[in-house]
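Thanks for sending this one over. Here are my notes, as numbered points you can follow with the model open beside you.

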Amino acid sequence: MTGGGVTTVAQLAGLALSALLTLAVLSYLWGDNPVYRASQYLMAGLTAGYAAALAWNHVLAPRLRALITEPAEFWPYGLMLLLCGLLLARGWPPLQRLSGLPLALMLGVGAALAVGGAIRGTLLPQMGAMIVSLSPARHAPGITGLAQALDAGFMLLVTLTVLWVYRYRAPSEGGSPLPRALVRGIDRTGRLLMLVVVAASLAGAALSYFAALRGRVDFMLDWLGSLMGWGG
Amino acid sequence: MMVPCPHCQGANPKDAERCAWCDALLQPQTGASPVTTPEPRTVEAPSDEDSIWSEQNLLAELTGLLPSVELPPLPIVSGGTVPPVDQDQGRDADLLAEIASAPPAPPRQRGPEAPLPSGKPAGAWYGLLIGLVLLAALVPRLLEDRFPAAAQPGSGERSLWTALEELSEEKRVVVAFDYGPAASAELAPLHRALLATLRGRSVPIIALSTRPEGVAIAASAMQPQSQAGNPDADIQNGVLLGYLAGDAAGLRLAETNLPAAFAYKTASGTAWSDVPLLNGLNKLSDADAVVLLTDDLHTARRWIEQVGPWNDQLLLITNAAIAPQLEPYAASGQVAALVAGATASAALPAGEAQGGWSIASGYLAFWAVSVLAMVLGLLHSGRRRRSERR
């Protein structure tokens, strides 16, 4: 058998396996069953194995090689590998405390990056985006400016309403200075707006899942077509 | 062999006289009831040695610490006789005696449990719903490109196209394939359309991924169509950097020192300095544009927060599920373009040849099915409520 033939057989076997696994996953439509569960475990195991192999090939091995071949230039990699080794000490009780060092480093750096990133990348820019003029003249001339000003006003109103829903305070004895009906109205509007956001997210998720299903159905039809000779 | 206790149903050896669980008599005596009240156990008075007030008892040291309290005097009974008990007191005393002397109630026998309400609708409705969804998934195959109007370019597609139009062969684009095979059906048409557009303009592509499964997708996408899937095939007009580990820390490192983030090598093992395309590319912001393809909200946020502030041209291509949460970043200008959903590929200039139109018709069919399912669901729940009221 030629090399090309082997490739073809391997490809055909791979396609057949993919099709069988697709059917195994779709069998969940008839309820939980061992075939579906086996495919789940297979996927989890393969993902973990693939990630481990990739981490070795793309992260650890190149650095280890660089450290061995050019230690004078790449000595910081030795420090990195030492920290990795300390992390492994977690499984050995006499040296377990040493694993706290790389863990503390990871958590500390991770937290600093996450907080700093959230402030610089989300909080401040989003707050800045909210500070817009409500004057139509500052946006654009004519009806366009008016529409943009209305849009900005609506955005501000929605933001304030949703923020209002999240207020937490102890009830004062004198009650709220605002009329109760107004407070209740703002509350309801805020919750309704949040519901709209959740609905939009759910609709998007439904579309994504449908796209995944459509992809699998397409694949199955193509596979069946190649088996039966429909596709030519 | 074990026999159940007739009193508490606990399992006991066959020859046991008393139940190990409730101490009831198991072997019936002649002329006696098989179930009798357990006899009161006699408690011997503690001897001097094991008295709680002995010297060995630690509590003994506490005697005398608290002030003594005088007990109230007993009620004086006139004439030295016990006061008569009225009717209520007698009834209470009888009830107390009955409660104290009654054997414990046998465990309640469980009847057949009522079925829990499941998330799935009733059989026929469930089958109908599944059938409709599958039918909708088949619509793209049946209708092909009969609904071209379903995918019109929106502001995101226009912004993306404007950004891509500014790129030429002297410019470099970093493309991050941060999605897995699960989102391939939705994002693959978009990445094909994007790569076709970039290749059409001869723009060199630098590919990477912060997710393990994305590396394989990137490698496959970067190869020529004829050699897709062949790991030894050359990369076409670009370079694959490989896996960028470390999540936020990795991205921050890539933003400050891109070669160090990849150990000064490409995925194929070529030294960074030996690749002309990578000359002068010391950080992500040195690229003329960064395109992120992802189906994960956290990944998208990480890129926006760690890389976005230093890149004017951060272009996001996502699936429909996470697009609503990313819209504020596009509206605030932090993201130069946000394109979402498989239909978007139809709106891109090179997307028409990538099957985008048929996906658009599939979406239209899905919407029709969703509306139909909602109407049927409302009718079904209304009918069920009416029958429950009756």
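This is a predicted model: local features need pLDDT of at least 70, side-chain atom pairs count only at pLDDT 80 or more; totals for chains, interfaces and linings use all residues.

1. A:Ser99 sits in the loop that links helix 3 (75-88) to helix 4 (100-130) of chain A. With a relative accessible area of 0%, A:Ser99 is buried, since anything under 20% counts as such. A polar atom of the A:Ser99 side chain lies 2.6 Å from the backbone oxygen of A:Gln96. Leaving aside neighbours within four places in sequence, A:Ser99 is in contact with A:Leu86, A:Leu87, A:Ala89 and A:Arg90.

2. Now to chain B, for some overall numbers. Chain B has 11 helices and 8 strands. Of its 390 residues, 38% are buried. Among contacts in chain B between residues at least 6 apart in sequence, 63% join residues at least 24 apart. The accessible surface of chain B is about 23100 Å², and carbon and sulfur atoms account for 56% of that surface.

3. Next, please look at the sheet in chain B. It is an open sheet of 6 strands in the order 5-4-3-6-7-8, with parallel pairing. Which strands stand at the edges? They are strand 5 (238-243) and strand 8 (337-340) of chain B; each has a single partner strand, so one side of each lacks a neighbour in the sheet. From one strand to the next, the twist averages 15 degrees.

4. Strand 3 (residues 173-178) pairs with strand 4 (residues 205-209) of chain B in the parallel sense, over 4 bridges. B:Val173 has B:Ile205 as its bridge partner in strand 4, and B:Val175 has B:Ala207. Is strand 3 of chain B enclosed or exposed? It is largely enclosed by the rest of the structure, because 6 of its 6 residues are buried. In a regular strand, side chains alternate between the two faces of the sheet. Here B:Val173, B:Val175 and B:Phe177 lie on one side of strand 3, with B:Val174, B:Ala176 and B:Asp178 on the other, and both faces are covered.

5. Helix 5 (residues 212-222) of chain B lies across strand 3, strand 4 and strand 5, running at about 165 degrees to strand 5. Helix 8 of chain B lies across strand 3, strand 4, strand 6 (289-294) and strand 7 (314-318), at about 165 degrees to strand 6.

6. On to the cores. The largest nonpolar core has 33 residues, and those with the most contacts inside it are B:Leu208, B:Trp303, B:Leu316 and B:Leu326. Helix 8 (residues 297-306) of chain B supplies the largest share of this core, 4 residues. Apart from this core lies another, of 31 residues, including B:Tyr179, B:Leu187, B:Val291 and B:Leu293. Beyond its neighbours within four places in sequence, B:Trp303 is in contact with several residues, among them B:Ala176, B:Asp178, B:Leu208, B:Leu251 and B:Leu314.

7. Finally, a backbone detail to check. B:Ala263 lies in the loop between helix 7 (258-261) and strand 6 of chain B, and B:Tyr264 is found in the loop between helix 7 and strand 6 too. Phi of B:Ala263 is near 55 degrees, a positive value in a residue other than glycine. B:Tyr264, also not a glycine, has a positive phi of about 60 degrees. B:Ala263 counts as buried at 3% relative accessibility, whereas B:Tyr264 is partly exposed at 33%.

Definitions and conventions. Residues are numbered from 1 along each chain as its sequence is written. Chains are lettered from A and ligands numbered from 1 in the order in which they are written. Side-chain values use heavy atoms; hydrogens and water are left out. A nonpolar core is a set of buried Ala, Val, Leu, Ile, Met, Phe, Trp, Tyr and Cys residues joined through side-chain atoms within 4.5 Å. Buried means under 20% relative accessible area, exposed over 50%, partly exposed in between (1.4 Å probe, protein chains only). Helices (H or I, at least four residues) and strands (E, at least two) are DSSP runs, numbered from the N terminus. Contact means heavy atoms within 4.5 Å. A polar contact is a pair of N or O atoms within 3.5 Å; within protein, one must be able to donate a hydrogen and the other to accept it, and residues adjacent in sequence count only if both atoms are side-chain atoms. Two strands pair if DSSP finds at least two bridges between them. Axes are lines fitted to C-alpha atoms, for helices over the stretch in contact, and angles run from 0 to 180 degrees between N-to-C directions. Accessible areas come from the Shrake-Rupley method with a 1.4 Å probe; for residues, only the protein chains shown count as cover.
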